[in-house]
Amino acid sequence: MKVAELAKSLGTTADTVRYYTRLGLLKPAKSVNGYKSYSNKEVSRLKFILSARNLGFSVADIKEIINESEDGKSACPLVRSLIKERLEETEKQFQAMLALRGKMSSALSQWEEMEDKAPTANMVCHLIENFEQIKKA
């Protein structure tokens, strides 16, 4: 299977296939005319990679998981450990986004009642500058 065929069969792009090939996660055979040919093993490997990325695993995580598997070990304990880490990271990001959402809502509420002002030598936008001062005080 060629790059474009593989990409189409899995609903991804040829660039994605080439990217994972450059990283060494996919190892196609090369034909006499220079075309890369992807075996069923590589199709399965790309399916795995896309599923792992969809779950939030990094490329480094995926390399580690694949290495574990290629060493003949079950990658499941590693996968569980990594997903716990990713979940904790995601929760922190989620909480940070909630906090940012609160600040944005608060800013909008304040700003809807404030008048527009022209910039001065010491002020770009009084809405932002006053909001920051209010929050620091």
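This is a predicted model: local features need pLDDT of at least 70, side-chain atom pairs count only at pLDDT 80 or more; totals for chains, interfaces and linings use all residues.
How much of the chain over residues 1–68 is helix, how much is strand, and how far apart are the end C-alpha atoms? Over that stretch the chain is 62% helix and 6% strand, and its end C-alpha atoms lie 27 Å apart.

Let me turn to the overall division. The protein chain is split into domain 1, residues 1–57, and domain 2, residues 89–137. Taken over C-alpha atoms, the centres of domain 1 and domain 2 are separated by 45 Å.

I begin with helix H2, which covers residues 14–22 and includes Thr21. Is Thr21 buried or exposed? Its relative accessible area is 12%, and since buried means under 20%, Thr21 is buried. Setting aside residues up to four places away in sequence, Thr21 touches Leu26, Pro28, Lys36 and Tyr38.

H2 also meets helix H3, residues 40–54; the two axes come within 12 Å and cross at roughly 100°. That angle makes H2 roughly perpendicular to H3. On the H2 side, the contact is made by Thr16, Val17 and Tyr20, and on the H3 side by Leu46, Ile49, Leu50 and Arg53.

Next, Tyr35, which is located in the loop between strand S1 (29–30) and strand S2 (36–37). With a relative accessibility of 48%, Tyr35 counts as partly exposed. Apart from neighbours within four places in sequence, Tyr35 is in contact with Lys2, Ala29 and Lys30. Tyr35 can also be placed relative to Thr21: the two are 14 residues apart in sequence, and 13 Å apart in space from C-alpha to C-alpha.

We now come to helix H4, residues 59–70, where Asp61 is found. Asp61 has a relative accessibility of 4% and therefore counts as buried. Which residues does Asp61 touch, not counting those up to four places away in sequence? They are Leu82 and Arg86. Both of these residues belong to helix H5, where Leu82 and Arg86 are buried, together with Leu78 and Ala107.

That brings me to H5 itself. Helix H5 runs over residues 76–112 and has 37 residues. From its first C-alpha to its last, H5 reaches 52 Å, close to the 54 Å expected at 1.5 Å a residue.

Two further residues of H5 deserve a comment. Gln93 lies in H5, and at 52% relative accessibility Gln93 counts as exposed. Gln93 and Ser58 are 35 residues apart in sequence, with 16 Å between their C-alpha atoms in space. Glu112 also lies in helix H5. Is Glu112 buried or exposed? Its relative accessibility is 61%, so Glu112 counts as exposed. The C-alpha atoms of Glu112 and Leu127 are separated by 9.7 Å, and these residues are 15 places apart along the chain.

To close, I return to two points for the discussion. Thank you for your attention.

Notes: Residues are numbered from 1 along each chain as its sequence is written. Side-chain values use heavy atoms; hydrogens and water are left out. Helices (H or I, at least four residues) and strands (E, at least two) are DSSP runs, numbered from the N terminus. Buried means under 20% relative accessible area, exposed over 50%, partly exposed in between (1.4 Å probe, protein chains only). Contact means heavy atoms within 4.5 Å. Domain bounds come from an automatic or database domain assignment. The expected span of a helix is 1.5 Å times one less than its number of residues. Axes are lines fitted to C-alpha atoms, for helices over the stretch in contact, and angles run from 0 to 180 degrees between N-to-C directions. Angles under 35 degrees count as roughly parallel, over 145 as roughly antiparallel, 65 to 115 as roughly perpendicular and the rest as oblique.
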